[in-house]
Amino acid sequence: MGTFKYLIITGVLLFSMGACHNKGLEYDASGVFEVTEVIVSSQGNGEILQFQLMEGDLLEANQVVGLIDTTQLYLRKIQLEASKESIKNKKTTPSTQIAALQQQIETQKTEQRRYENLIALNAANQKQLDDINAQIQLLERQLAAQYETVNNTNSSLTEEGSSLVAQIAQLQDQINKSVITSPIKGTVLAKYVEQGELAVEGKALFKVADVETMYLRAYITASQLTMIKTGQEVQVYSDLGESDSRMYNGKITWISDKAEFTPKTIQTRDERANLVYAVKIEVRNDGYIKKGMYGEVKF
């Protein structure tokens, strides 16, 4: 009886050892977890007045983390707004410029009607009426020229005002971009500048990564391409070390259309294949998955 019990225990142990030894064969592919990283660069020039940020901080999307000096931009904006108001006051209404000419025309037309009546009664000669008609024509040409001058002046002022409006909008855009924000929700991986330093447009300020959504970049053989498709739900296992792992639901978001040589750090199911295809699998992180950690996938 003791011998039979010993054989049973020995068999179970051998089976368990065999299962652990073949654990790697259960997976279809393996790879490394990646994150979406964004390097936030300065969009303005000037001294960094505020930069309340530390590596490891969790940021919300559009969260304000710093401010670049905007004094000169603001003063220039005030100057342009004053110029815009000045241009607005320079515009004139045509009636104020041509009122005198209109009055003269009306007076001449009154005289025109009076002389037409006198001529009808043979109390005046035609030359006097002709002189009045010529004067009316002259005044009307002067009136038309005055209208054109006023309209051209106002049009020029309008264009100048529009140019100032565009410049003011440009300055306001520069002022808005002097506020440093995080473009995504994520964790600060690196900080490149400190408060008090000079920011230059295009200079890197900090790096943030979306660690809530991770991507397993795995590699598969050509024979496995027929097993998968974009949008397919799969099972992903994070490598926790000491033969331990944690299972997650994943979704294939990208499949490479070009083969490449197997990376040295990656093992595929068929290690004899030299060429493999990269795939990216999206996984919702619960906090245990870290960037650079190894993982496996089952299709």
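Helices here are DSSP runs of H or I with at least four residues, and strands are E runs of at least two, both numbered from the N terminus. On that basis, Leu138 falls in helix 4, and the protein as a whole has 4 helices and 13 strands. Heads up: this is a predicted model, so local features need pLDDT of at least 70 and side-chain atom pairs count only at pLDDT 80 or more, while totals for chains, interfaces and linings use all residues. Residues are numbered from 1 along each chain as its sequence is written, and side-chain values use heavy atoms, with hydrogens and water left out.

**Overall numbers**

- Of the 299 residues in the protein, 30% are buried; that label means under 20% relative accessible area, with exposed being over 50% and partly exposed in between (1.4 Å probe, protein chains only).
- Take the contacts (heavy atoms within 4.5 Å) with a separation of 6 or more: 77% of them link residues 24 or more positions apart.

**Nonpolar cores**

- A nonpolar core is a set of buried Ala, Val, Leu, Ile, Met, Phe, Trp, Tyr and Cys residues joined through side-chain atoms within 4.5 Å.
- The largest one has 20 residues, and Phe33, Leu216, Val236, Ile281, Val283 and Val297 are those with the most contacts inside it.
- At least two residues of this core come from each of strand 1 (29-41), strand 8 (204-220), strand 9 (233-241), strand 10 (244-255) and strand 12 (275-284).
- Strand 8 gives the most, with 5 residues.
- Setting aside neighbours within four places in sequence, Ile281 is in contact with Met214, Tyr215, Leu216, Val234, Val236, Gly250, Lys251, Ile252 and Val297.

**Strand pairing**

- Two strands pair if DSSP finds at least two bridges between them.
- Strand 2 (residues 46-51) runs antiparallel to strand 7 (residues 198-199), with 2 bridges joining them; Gly46 has Ala199 as its bridge partner in strand 7.
- Strand 2 is also joined to strand 4 (residues 64-68), antiparallel again, by 3 bridges.
- In strand 4, Ile68 is the bridge partner of Ile48, and Gly66 is that of Phe51.
- Strand 4 in turn runs antiparallel to strand 5, with 3 bridges between them; Leu67 stands opposite Val179 in strand 5.

**The second largest pocket**

- On a 1 Å grid over the protein atoms alone, a pocket is an open set of points with protein on both sides within 12 Å along at least five of seven lines, and lining residues have an atom within 4 Å of a point.
- This pocket holds about 150 Å³ of space, the volume being what is filled by probe spheres set on the points, which are joined across faces, edges and corners.
- Val40, Ser41, Ser42, Gln43, Ile68, Asn176, Lys177, Val179, Ile180, Thr181, Pro183 and Leu205 line the second largest pocket.
- Strand 1, helix 4 (126-177) and strand 5 (179-181) each supply at least two residues of that lining, and strand 5 gives the most, with 3 residues.
- The lining divides into 6 nonpolar, 5 polar and 1 charged, where Ala, Val, Leu, Ile, Met, Phe, Trp, Tyr, Cys and Pro count as nonpolar, Asp, Glu, Lys and Arg as charged, and the others, Gly among them, as polar.

**Back to Leu138**

- Leu138 counts as partly exposed because its relative accessibility is 34%.
- C-alpha to C-alpha, Leu138 and Ile105 are 9.4 Å apart in space and 33 residues apart in sequence.

How values were computed. 1 Å grid on protein atoms, 1.4 Å probe; cavity = no way out; pocket = protein on both sides within 12 Å on 5 of 7 lines; lining within 4 Å.
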